[in-house]
Amino acid sequence: MSFLIAAPSSGSGKTTVTLGLLRALRRRNVAVRAAKSGPDYIDPRFHEAACGHPCPNLDAWAMGADRIKALAAGQIPLIIEGAMGLFDGAPPDGKGAAADLARILDIPVILVVDAGRMAGSVAPLVQGFAGFDASVNVAGVILNNVGSARHEAMLRRALRGVSVFGTLPRSTALTQPSRHLGLVQAQERDDLELFLDQAADLVGTHCDLKAIEAVLRPIDPAPSANRMPPPGQRIAIADDAAFAFHYPHLLADWRAAGAELHVFSPLADAPAPEADFIYLPGGYPELHAGRLAANTRFLDSLRKSTATIYGECGGYMTLGEVLIDANGDAHQMAGLLKLETSFAARKLHLGYRNLTATRGPLAGNWNGHEFHYASTIRADGEPLFAAKDAEGQTLAPMGLMQNNVSGSFAHIIDVA
């Protein structure tokens, strides 16, 4: 069977272990795919580079079980990287935790434990996770930040009877650069291959790859799930370092329904292609605001287009009038929505969202998420979505609609 890489908490080393395993197994000519638990645009692109296969997001809050099974199924075994701690999900009941994926897919868990500041105490920690929920099978552990051979021996003695798949020594070589929404994107790393090879060297040297291979099996075919209908026949999609946050399953749904997808780069000042629907995904437009403001071919193509135009998060801000960067400099954007946003006054907005649109190209009910630090200075016009949080509490309406243009800070994940 395939398996889930999880941990007691964030910061335990799940991503390094996952990337190292994917690349190390690939070196051994073991075909393996990757998936990421929850809403994440950064890690999946690293996973793809490490294993050479597309990496879907599997979201147990926003997606139904059939959708998750359909995305996970395949002849190539799957390693899923969990998010946060194994049992950490959305309030009020923890729905969407990585443990939910283990249950839905009936796969075991390998727990990555940061053992840097413990010895015998590792045993009750691991036993607690293993015994907490009988429906979640913790098959063994990988110990991270092990200080010495003596430290390793102490940890192994404490974990007698537990499968230890590996013990990784302390290392600062694999620390990744980050920014306010997470890691720097894979396509921005000039040293990406070196980084992945170093992770593979670490994991390949200090983990029992043969034992790990022994638990790899394909995931059985699953019944088909509801797909997200395409918003047009011909769809133009912004895709570059400023607009990289689109979910592969969403684009795959549109393609499977017969839509034609055409990508273009706003950073290269490419005009939006002729289309029925223009999609500006999220990303980091605030890091490129001056360049985007000067790219008149791109902006003018939006202003002149009769297509339906939709922006998510960064794309939404680009459709507004002004985007103020972290230095306080104001940049003129497309001006298609009466919107002014700022990174000079930063505030975290984070959480799952249930969204309802009563008209327009996104009419219907959707599950999505919000994750940004931008502040809205001004937003005038008709809201796009009625919104609730994960606990069902009504939030202020989200987004704006004006003529053929709409957008919001929410990222749509699936049909509700």
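Trainee: Which residue in S19 does Glu340 stand opposite?

Mentor: This is a predicted model. In it, Glu340 has Arg378 of S19 opposite. Strand S16, residues 338-342, is joined to S19 by five bridges, and the two run antiparallel.

Trainee: What is the strand order of the open sheet?

Mentor: The order is S15-S14-S16-S19, four strands with mixed pairing. The edges are held by S15 (330-332) and S19 (375-380); each has a single partner strand, so one side of each has no neighbour in the sheet. On average, neighbouring strands here are turned by 15° against each other, with direction ignored.

Trainee: Next, helix packing. At what angle do the axes of helix H1 and helix H7 cross?

Mentor: Start with the axes, then look at the residues. The axes of H1 (residues 14-27) and H7 (residues 192-206) come within 7 Å and cross at roughly 85°. Angles of 65 to 115 degrees count as roughly perpendicular, so H1 is roughly perpendicular to H7.

Trainee: Which residues of H1 and H7 meet?

Mentor: From H1 they include Leu19, Gly20, Arg23 and Arg27; from H7, the partners include Glu193, Phe195, Leu196 and Asp201. Sorted by class, the contact of H1 with H7 has nine nonpolar, five charged and three polar residues.

Trainee: How many residues of helix H4 are buried?

Mentor: Burial is read from the relative accessible area, with under 20% counting as buried. In H4 (residues 98-105), six of the eight residues are buried, and the helix is mostly covered. The buried residues are Ala98, Ala99, Asp100, Leu101, Ala102 and Leu105.

Trainee: Now a loop residue. Is Asn295 buried or exposed?

Mentor: Asn295 has a relative accessible area of 9% and is therefore buried. Its place is the loop between helix H10 (289-294) and helix H11 (296-304).

Trainee: Which residues is Asn295 in contact with, leaving aside its neighbours within four places in sequence?

Mentor: Pro266, Leu267, Ala268 and Asp269 are in contact with Asn295 once those neighbours are set aside. For Pro266 there is a distance to quote: its backbone oxygen lies 2.8 Å from a polar atom of the Asn295 side chain.

Note on methods:
Residues are numbered from 1 along each chain as its sequence is written. This is a predicted model: local features need pLDDT of at least 70, side-chain atom pairs count only at pLDDT 80 or more; totals for chains, interfaces and linings use all residues. Side-chain values use heavy atoms; hydrogens and water are left out. Two strands pair if DSSP finds at least two bridges between them. Axes are lines fitted to C-alpha atoms, for helices over the stretch in contact, and angles run from 0 to 180 degrees between N-to-C directions. Buried means under 20% relative accessible area, exposed over 50%, partly exposed in between (1.4 Å probe, protein chains only). Angles under 35 degrees count as roughly parallel, over 145 as roughly antiparallel, 65 to 115 as roughly perpendicular and the rest as oblique. Contact means heavy atoms within 4.5 Å. Ala, Val, Leu, Ile, Met, Phe, Trp, Tyr, Cys and Pro count as nonpolar, Asp, Glu, Lys and Arg as charged, and the others, Gly among them, as polar. A polar contact is a pair of N or O atoms within 3.5 Å; within protein, one must be able to donate a hydrogen and the other to accept it, and residues adjacent in sequence count only if both atoms are side-chain atoms.
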